[in-house]
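Visitor: Walk me through an interface, please. I will keep asking how you know.

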Amino acid sequence: MKYLFYPGCSLHSTSSAYLDSLRAIQPKLGFELIDVEDWNCCGANEYIALHRIPSYALIARNLALAEQQKNGTQTLVAACSACYVNLAKTAKYMGTDADLNTRVNDALAAGGMHYTPGSIEVRHILDLMCNKLGACKIKKMVERPLSGLKVAPYYGCMVLRPDPDKRWRDPESPTALEELILATGAELIDFPLRTHCCSGHLPQISTETSLDLIRRLVEGAVKSGADLLITTCPLCQLNIDGYQAEMNKFFGTSYKMPILFFTQLIGLAFGFSPKELGIGKEIVSAAPALARIGLKVEAPPPLRRPPKDQSLPMPHMPKPYGDEL
Amino acid sequence: MASFYNDLEHWRLKVSTSSPVPQEKVGKASPPPGAPPSQAAVLEFFRAISPGLPQIEFCIQCGSCGGSCPAATLLDHTPRRLFALIRAGEMEDVLQSNTPWYCVSCYFCMVRCPQEIHITDLMYGLKTLAFQRGYTRNNKATHLSRTFAGYIERYGRSFELGIAARHYLRHPPKDLIATAQMGAGMFLKGRLKLRPERIKGTTQLQKILIRAKELETPL
Amino acid sequence: MEERFEPMIIGFTCNWCSYRAADMAGTGRVKYPANIRLVRLMCSGRLDATFVMKALSGGADGVLITGCHPGECHYIEQNYKALRRVNLLRRVLQPMGIDPRRVKLVWASAAEGVYLAQEITKFVEEMRELGPLNWPLHTRVTEKPATRPQLAELPR
Amino acid sequence: MSGANGKNGDHRVGVYVCHCGSNIAGVVNVYEVAKWAQEELADQGVVVAKEYKFMCSSLGQKLIEEDIQKEKLDRVVVAACSPHLHEKTFRGAASRAGLNPYLCEMASVREQVSWVTEDKALATEKAKAIVSAAVARVRQHEPLEPIRVPINSSTLVVGGGIAGIQAALEIANSGFHVYIVEREPSIGGHMAQFDKTFPTLDCAACILTPRMSEAGMHPNIELLTWSEVENVEGYLGNYTVTVRKKARYVDVSLCTGCGICQQKCPKKVIDDQYEVGLGYRKAIYTPFEQAVPKFPVLDRENCTYFEKGTCRACEKFCAPGAIKLDDQDEVVQLNVGNVILATGYDMFDARRIPRYGYGKLANVFTSIEFERMCNAAGPTNGAIVLRDGKTAPKSVGIIHCVGSRDHKYNTYCSAICCMQSLKFAHLVKERTGADVFNFYIDMRTAAKDYDEFYQKVLEEGTNLIRGKVAEVTDGGLFDERGGQLIIQVEDTLIGKQRRIPVDMVILAIALEPRHDASAVAHQFGISCSANGWFTEKHPKLDPVSTMTDGIFIAGCASGPKDIPASVSQGSAAAARVVSYIQQKELSLEPVRASIIAEQCSGCRICNDLCPFNAISFDEQKMVSEVHQALCQGCGTCVAACPAGAISGTGFTNEQVLAQIEGLLRVPVRLESAHPVAV
């Protein structure tokens, strides 16, 4: 199945492991994820704080690009929770709010673009895997069942809420990640805090509050008996993974709860090597947990500067055909 | 690097006509000259930004929102009280509130609200309103949003390292060493880029955004 | 005729809701244009398409049908049948050269006197804008009670 | 009457225009209307047209009566107020003068003209149009007789809760026969599960069981427990109800109710009905000690004999030999005149709100579970303990409005939960001394002595926190307070989020319509509101009647109610039934549909249209027929019949078309847009 894909900024930087693992498993799932060309940032939850119409226009530019590019599919897939919510909400609100639609399309027109509400269906990759493909099918693809690994699901917020297109039965008692964990053959840990907040952008705003929220999650996961957490959201991963050391220092604890992306877990069950899936990029290493079921994680390659681009610019060419085409 | 920042500021001045860079001050924002918008105007604004959805007039003051908020300890008013203040016409208090700025967009309040009020969207609305009206709180949340906005308006993509660097320069982290260690860790694992990614259509995006700012929901 | 026109409107009301709403508008002294004349039926479900055709062919410029809100029908669900009939009727009127806006369905409960008066005023205004119907084969009231319009006479 | 078919001149119509003081005459020129009618409607058979100050006064009525006799009028039109006000009055006058009352028609020139029109000239014209329409219509009227139906003196009460028991007792004490059909093995309903009743705190069983046994022994009451209504046919006064008596596997004529079978039965199962999952029962059981009737029921699904073919312990030990393992369902038909539906309510499923943790966190209980726990005859013998069955809680949180007042679940207020939660607070305090926290949105204690009870609970030191609880989590996961539940809530009175640790949480769950309420409503030809409760005929003035004559409702079937309100409704419904029975015969408005068999093509379009199942198809004659007493006269079938074979008495095509014609006879004046100055 061909889908348009919106990676989002995080997957190009802090959560490159998410992208690596998704790219690795996509052929096996039968997905062909085609990047929306020249996509721009969705603005996260920051841009909409300052401007309303510009924020929707910023997001709608991606929808407009997707509409232009759609080729046999009208499904736009996002992997990052915030990107998903922003895209889905904009697509929805432009359909229901005529005034917003007019303004946003007016703004888009300044860049020679247009988005027709309803022409693009926005879905999250988790929704696609669980509700379209189904965990049962994924289970049949598993080549290396992860039996013995105790995995707790962690959704974070925005995949489930506000759920503008009603993809889930209940925003507070989801079953999607649970089904996937069971499909991989791992042991499912009931993690009651699985839909709670990871503290979002609070680490930059109020360190104590964010560390306390992270502590609750990490402590909860440890006490639930999980070896590792899996998540769907780059920011959740970053907060729980990146700030765990600071949290330990602040509270005088010594938790080590690795958190991976759910695509990485599926990749492991599909038989990919940890390296192919970007495992090793996490700060709290998942290696000890994976070693328990006999999986070895190589150290990440030493960082190298990307080679400098030395190519010369191409000459400017006039368009061979008119604007209509 | 310095030229890069100058460039950014310069460009932002050009685009963000409605939001000039304010004089940095520590502490609570002083209200701008002139009276705050009337209660009726704010209710009208809410109606305009969320047509067809239940509005705050429906609020039964049950506190589901304040009870669910993960950032509740930081708030000067819970969302519930903010709605009560709006209904009481205390607009000055509302626009100076830090509540919308601490919203982490977890959407718990929205899905739990028994009256199905789209609270999170109203929080965005309040932020926009306060920002446009010049109630630019000189707090970390506003600064973070604005730093972020600067990068995406400039490059079309977010740039974590730049945002973090700029933000932490202005607001040094609580535990500098821990933050530095984390940053280094991220960098060593290849999770931080040194240069921002830039989209091809930056000019096009900027044109769209400039036009969009002209079309901003009036108040 | 051209410079001054007042539409004649026949309203069909349900005995249990909108007729009582009309009573309520009266009790509350809510004013509305005298252009409307009401016919009481037991239920909007009683509305026979013939009644509407009779009214339009007999000189009415618009027909307002009122019934209980969906789910509140005194006879459980008959207002839904009225809804279907009106929709069908409006489709039939179009090819006959009659603007379907001339037939309108409004839900009004027994408590909504003011609302009904507003809707009547609105409808009268709409009919004023549409102008006189000038029924294609204009036959004013005749002595012979023409129970059904003669379909053969209608324009194809 | 004349029997003529509407040709000119052969009817003699009298028109009477009322001034209604100045109510009509102040706007409508009544003299002009009367004069116009006399002159312009002479071709319609108008022979007299008069105006009078107050037509509804005895003098006004006398005027009409005299004219009918003197002028030999055979049709009367009264132009006055709305027919809903005085139609009966003027029909009475016509009837006294020897005219069939249905030959009198009213023209509403007050509510529809004088009160809603400012312009006097326009009002007068509109009044003329309405009078002209009434004249045209009344000429098409036929003399009618009200339909008389006899009333069967037996009554069916569906549901044996307190409302049903009360209704049955009232009717039975009036000397009439009552059947109570109850789905469960015993009557008693939800009230039998409760421990104490607010606000007086008398024990539910102490006040309920005497009523239950009175109902059980009453010579005029026949109990059909473990039975369900399968089908309803008929109409006011003459219902035929089919009831399935489910197989009990116990011969009630032999059973003494000694209970030895229950003792000896080896199979223990969780009782999810009476004990709501908190206790156990045997495979053969009576739900509780004081059950009425006392005969047990064998639960076939869990019985070892029906599973494996062996056991028969109950049979072996039953001295009178009452166990009947080859028992079959029995279908009986009851003929009754009236039905009272007292089907009660279901409890909200707390698992639908996962954030309160019910079903996942052991020490979260629902209100009905807690009722059972408090009950001295319940699973813990009245001890308030945690799920482990032994530890008394040191702190208890009671959450109000669970599943009520929330657009995602039920928008209504369940009415009883505030008082119930306060009662729980009191019971917890009294029996365990624990700290109690009540979390409420609004405190609703509006009935006699309810607020006094609230005061008492306040005095006991209950912590009342105004705020809807956001979530209940296991504190052991991330807090130092091991094993406790954390209630996270905004204390809206201080505007702060609080996290309150408690040992036990009680959810005051909503009352919901029965899961099968809409099916039952359909069966009995009544309707449900948007929320799913049965709709009353009038919410204030006729709360126990329904739109279907002879079907009454009582208790929580029409919405959440406390015990006093349910009992009052039971009595009220009984009073309505008894008044019907004592009239022996009732007359129904003759607004009915009838099918002219010769014109019916047998297409059966009308059969499915009728919501009251009043139209049936005669397979022999191949035509449809309307059952006059079932028909409510909506006229939908009349409008739908493609052959024009159905005629709706009182609203025939001829009558309505004539009325339209009459309305169109008077053109709309152009002055309409410009009111004439007075």
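Guide: This is a predicted model. Chain D and chain B bury about 1600 Å² between them, with 41% of it on carbon and sulfur atoms.

Visitor: How many residues does the contact take from chain D and from chain B?

Guide: Chain D gives 18 residues and chain B gives 19 residues.

Visitor: Why is the pair D:Glu490 and B:Arg80 called a salt bridge?

Guide: The rule asks for a side-chain nitrogen of Lys or Arg within 4 Å of a carboxyl oxygen of Asp or Glu. The side chains of D:Glu490 and B:Arg80 meet at 2.7 Å, N to O. That is within 4 Å, so the pair is a salt bridge. The count between chain D and chain B is two salt bridges.

Visitor: How many residue pairs are in polar contact across the interface of chain D and chain B?

Guide: The rule finds 17 residue pairs, both residues at pLDDT 80 or more.

Visitor: Which strands of chain D each supply at least two residues of the side that touches chain B?

Guide: β24 (469-474) and β25 (485-491). β25(D) gives the most, with three residues. By class, the side of chain D that touches chain B has eight charged, six polar and four nonpolar residues.

Visitor: How do you know that no contact joins chain A and chain C?

Guide: Contact needs heavy atoms within 4.5 Å. The closest C-alpha atoms of chain A and chain C lie 24 Å apart, and no contact joins the two chains. Chain B and chain C have no contact either; their closest C-alpha atoms lie 20 Å apart.

Visitor: Which of the four pairs of chains that touch has the most contacts?

Guide: Chains A and B.

Visitor: What pLDDT does chain D average?

Guide: Chain D averages 92, and 97% of the residues score at least 70. Over residues 1-9 of chain D, however, the pLDDT is below 50. This stretch has 14 contacts in the model beyond near neighbours in sequence. Residues 672-678 of chain D also stay under 50, with eleven contacts beyond four places in sequence.

Visitor: What ipTM and pTM does the model score?

Guide: The model scores ipTM 0.78 and pTM 0.80.

Methods. Residues are numbered from 1 along each chain as its sequence is written. Chains are lettered from A and ligands numbered from 1 in the order in which they are written. Side-chain values use heavy atoms; hydrogens and water are left out. pLDDT is the predictor's confidence in each residue, from 0 to 100. Buried area is the accessible area (1.4 Å probe) that two parts lose on being put together, summed over both. A polar contact is a pair of N or O atoms within 3.5 Å; within protein, one must be able to donate a hydrogen and the other to accept it, and residues adjacent in sequence count only if both atoms are side-chain atoms. Helices (H or I, at least four residues) and strands (E, at least two) are DSSP runs, numbered from the N terminus. Ala, Val, Leu, Ile, Met, Phe, Trp, Tyr, Cys and Pro count as nonpolar, Asp, Glu, Lys and Arg as charged, and the others, Gly among them, as polar.
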